[in-house]
Amino acid sequence: MPVMELSIGLPDGLLMRLTEGNVLTLFEKDHETVRRSVDCSVLGGEPMADMVWSHKLSAVIVAVPTLHRLFRWDPYTDVLYEFAGTGEPGRRDGKAAQAKFDTPVSITEDGNGTLWLIDRGSSSLRCVEIDTDKPDGAPQVCTVVGRRGAGFADGPAETAQLDHPEDLQILYDGSIVVADTGNHAIRHLDPAFRELDTVYGGPDRTPGLDDDDVELCRPRRVTVADSELWVEDDNGRHRLELHFV
């Protein structure tokens, strides 16, 4: 799986970037001066797919798909260490250390500090909930969409299905869009109502006969900018309107 270029802003204007050779490097405010490098030997050379700053944990959380785990870096150490997942592929919820993932590829944080992630191998949208009133946040993993395995179904999150999705984004209203790669679709979840809808594409869509004229083919990246949704797929890059929020 090709790894996207990874770079995130940290508190105090610092920047963390994945540099050549699978090395995490912390830069100063000028984005050029190296402050220090992070020891990633725990990964054994396996590639990182995505990372996010968790405000509740005050740490960087990294998704490593081939190890089926999430890893953590705190500003107080130069070492990356295990955070969630046993390393055995699967889908099991519960405490972070006992949870199972199957190829986590995309992770982000919502306005409440919940971490949302795409678990591609289990065709699911999952979250990590953090309780700041408990020691170390007591992170709990929960499957929100995809409890029935791969497929295509809208409706309540408990029964809705995805097919090997690749990416997700949090919208300004707190809802979530998912690049549902296997279904050639963009899906939308309102966390408040836990309902999943298809907003663009779909496996049964007939190009030219549906309302929108965008023909999606295996969408793998979604980006939100200036109230517009940008999607990358096998046909290139598309600009879509956020008419569903």
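Five strands make up an open sheet, arranged in the order S14-S18-S17-S16-S15, with antiparallel pairing. Strand S14 (155-156) and strand S15 (167-170) stand at its edges, each with a single partner strand, so one side of each has no neighbour in the sheet. The model described here is predicted.

- Strand S14 is joined to strand S18, which spans residues 195-201, by two bridges.
- These two strands, S14 and S18, run antiparallel.
- Within this pairing, Pro156 has Glu195 of S18 as its bridge partner.

- Strand S16 covers residues 176-180 and strand S17 covers residues 185-190.
- S16 and S17 are paired in the antiparallel sense, over five bridges.
- S16 and S17 form a hairpin, with four residues between the two strands.
- In the turn of that hairpin, His184 has a positive phi of about 55°.

**Strand S17 and its pairing with S18**

- Six bridges connect S17 and S18, again in the antiparallel sense.
- Leu189 stands opposite Leu196, a residue of S18.
- A hairpin is formed by S17 and S18, with four residues between them.
- Arg194, in the turn of the S17-S18 hairpin, has a positive phi of about 55°.
- In a regular strand, side chains alternate between the two faces of the sheet.

**Asn183 in the loop between S16 and S17**

- Asn183 lies in the loop that runs between strand S16 and strand S17.
- Asn183 has a relative accessible area of 4% and is buried, because residues under 20% are classed in this way.
- The side chain of Asn183 reaches the backbone oxygen of Gly151 at a distance of 2.9 Å.
- When its neighbours within four places in sequence are left aside, Asn183 is in contact with Gly151, Phe152, Gln161, Leu162, Asp163, Gly202 and Pro203.
- Ser227 and Asn183 are separated by 44 residues in sequence, and their C-alpha atoms are 24 Å apart in space.

Notes. Residues numbered from 1 in each chain as written. Predicted model: local features only at pLDDT ≥ 70, side-chain atom pairs only at ≥ 80, totals over all residues. Heavy atoms only, no water. Pairing = 2+ DSSP bridges. Buried < 20%, exposed > 50% of the residue type's maximum accessible area, 1.4 Å probe, protein only. Contact = heavy atoms within 4.5 Å. Polar contact = N/O pair within 3.5 Å; in protein donor to acceptor, adjacent residues only side chain to side chain.
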